[in-house]
Amino acid sequence: MLSQRIQLETTAEEEEEEEEPMELVVEEWSGSSSTKLTRTAIITASPSSIAIRRSGSRFNQISRRFLQAFIEAGYPSSVTPDYAPFQMWDLMQGLSTYIRTMLSTQALLSAIGVGEKSATVIGATFQWFLRDLTGMLGGILFTFYQGSNLDSNAKMWRLIADFMNDLGMLMDLVSPLFPSAFVFIVCLGSLSRSFTGVASGATRAALTQHFALQNNAADISAKEGSQETVATMIGMALGMLLAHVTMGYPLAIWLSFLSLTMLHMYANYKAVRCLSLTTLNCERSSILLLHFLKTGQVLSPEQVSVMEHVLPLWITSWSSKNTKFLHTRVRLGVRVSSLSHQEMVSLMESSGSHYKKAKYLLLERKGTVSIVMHKDSIATDVLQAFLHALVMANLFDEHQSAHSESHSWMDKHYQNLVVKLQSSGWKTERLLSPSIIWRANWVLSSDKIDYRRQALSFTYTRTCIV
């Protein structure tokens with residue numbers, strides 16, 4: 001009887017537990033990054049009902065959705081730390097550009113004859129056609145001569161691009177003052193802006209790759225487009241207002257234009273100064289190697305960004321005469337057929353003693369180090385060859401036997417240098433340099449170190465592989 005009673009009580013308790021309604025509580029979180037999530041609602045669900053309790057105001061939710069059109073997913077962890085200050089200065093220079101565009105366009109249209117009865121449609125169309133045609137041809141020529149060099153000096157070309165844009169706008173503003181040379185001045189302005197289009201677009205692509213920490217270059221590019229669109233609309237509105245206010249007052253137009261141009265160049269300079277690029281180009285490699293030779297330590301990208309030059313070297317050399325521009329003493333990708341007989345003999349001797357296994361040859365030539373790259377060399381070989389040449393150039397003033405000394409240094413310290421560069425955040429996969437057009441293939445007739453009997457045969461190839 002007792003056992004039956006216990007069984008009945010147990011069965012009753014289980015039935016009561018089954019009859020108790022189950023309840024599920026779910027929290028809803030919103031955010032593009034796991035480190036920046038906001039709870040938006042708490043959902044309580046049961047078999048008979050569901051209750052939703054929302055967190056935060058409706059305005060906050062709408063504002064967050066609006067900002068998603070301008071801010072990258074996962075910001076700030078999805079981009080580099082220098083992205084935000086660069087964008088701030090970049091939008092400021094863009095705003096000043098669009099304001100000035102209204103002033104220069106107004107002057108250009110008035111010079112063409114818009115609003116005048118004597119002006120003909122075909123005349124204005126022809127002048128505009130010549131202007132556009134000159135710009136197109138200029139863009140192609142600039143790409144032909146400098147297209148492969150834009151990656152290696154993205155900061156400098158970024159500044160040059162905006163300077164050329166300023167020059168083009170200045171030409172448009174000046175054109176009404178010289179009616180007889182109007183077409184020539186307008187074409188010069190269009191040619192100047194064509195350089196801007198090529199250089200600015202190429203360097204922007206390189207910088208976008210730098211900013212993308214999570215392979216999100218497409219997202220960054222799209223959000224930059226949205227930001228620039230807003231800056232364009234605000235700039236156009238302010239430009240129209242400024243053009244209306246200054247109409248008929250040439251002095252006010254020029255003062256406004258020159259003031260905005262100064263702001264534009266200052267904002268551009270500050271923008272490129274914010275950048276801490278982690279790729280190795282010729283100048284950054286030179287700065288890093290000189291510091292490593294003195295201290296045995298490697299500078300961080302932030303430290304190097306303060307030391308490197310963003311203006312063309314012929315400008316900065318005036319104000320920094322004591323600075324050692326070691327990379328200017330290195331010539332990468334020398335054409336073998338341009339060497340003299342004595343230089344070929346020197347190359348033959350060094351190839352047998354120092355560069356048996358290397359994919360490059362170094363030659364001291366008129367105070368510089370010339371690098372001959374092998375046709376089978378890869379990107380890491382180019383970086384090693386350039387660093388070796390920098391070491392050799394640094395030893396010119398200290399040692400007579402720069403070849404043997406530099407080779408000994410590379411054997412002892414090169415791998416340690418590469419490891420320290422990688423641990424400091426530098427990308428050592430390649431050297432950003434102008435394209436190496438000329439390469440060579442060499443074959444030693446004997447492995448003996450008897451240079452009088454040794455022969456070295458060269459074949460050289462022309463290629464665009466870096």
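User: Leaving aside neighbours within four places in sequence, what is Ile 371 in contact with?
Analyst: This is a predicted model. In it, Ile 371 is in contact with Val 330, Arg 331, Leu 332, Gly 333 and Val 334, then Tyr 360, Leu 361 and Leu 362, and also Ala 385, Phe 386 and Ala 389.

User: OK. Which residues have the most contacts inside the largest nonpolar core?
Analyst: Leu 288, Ile 371 and Leu 417. That core has 39 residues.

User: What does the second core include?
Analyst: Tyr 83, Leu 207, Ile 220 and Leu 275 are among its 13 residues.

User: Buried or exposed?
Analyst: Thr 368 counts as buried, because its relative accessibility is 16% and the cut-off for buried is under 20%.

User: What does its side chain reach?
Analyst: The side chain of Thr 368 reaches the backbone oxygen of Arg 365, at 2.7 Å. Not counting residues up to four places away in sequence, Thr 368 touches Arg 329, Arg 331, Leu 363 and Phe 396.

User: Different topic. Where does UniProt place "transmembrane region"?
Analyst: The unreviewed UniProt entry gives that feature at residues 167-191 and 251-269.

User: How far apart are the end C-alpha atoms of 251-269?
Analyst: They lie 27 Å apart, and that span is 100% helix and 0% strand.

User: And what about residues 167-191?
Analyst: There the end C-alpha atoms are 10 Å apart, with 72% helix and 0% strand over the span.

User: How many residues has H5, and how far does it reach?
Analyst: Helix H5, residues 154-174, has 21 residues. From first C-alpha to last it reaches 30 Å, close to the 30 Å expected at 1.5 Å a residue.

User: Why call H5 largely enclosed?
Analyst: Because 16 of its 21 residues are buried, H5 is largely enclosed by the rest of the structure.

User: Last one: what is the mean pLDDT of the protein?
Analyst: The mean is 81, and 80% of the residues reach 70 or more. Over residues 447-455 the pLDDT is below 50. That stretch has 16 contacts in the model beyond near neighbours in sequence.

Terms used
Residues numbered from 1 in each chain as written. Heavy atoms only, no water. Core = buried A, V, L, I, M, F, W, Y, C linked by side-chain atoms within 4.5 Å. Buried < 20%, exposed > 50% of the residue type's maximum accessible area, 1.4 Å probe, protein only. Contact = heavy atoms within 4.5 Å. Polar contact = N/O pair within 3.5 Å; in protein donor to acceptor, adjacent residues only side chain to side chain. UniProt positions renumbered as here; feature names shortened; annotations may be inferred. Helix = DSSP H or I, 4+ residues; strand = E, 2+ residues; numbered from the N terminus. pLDDT = per-residue confidence, 0-100. Expected span 1.5 Å × (residues − 1).
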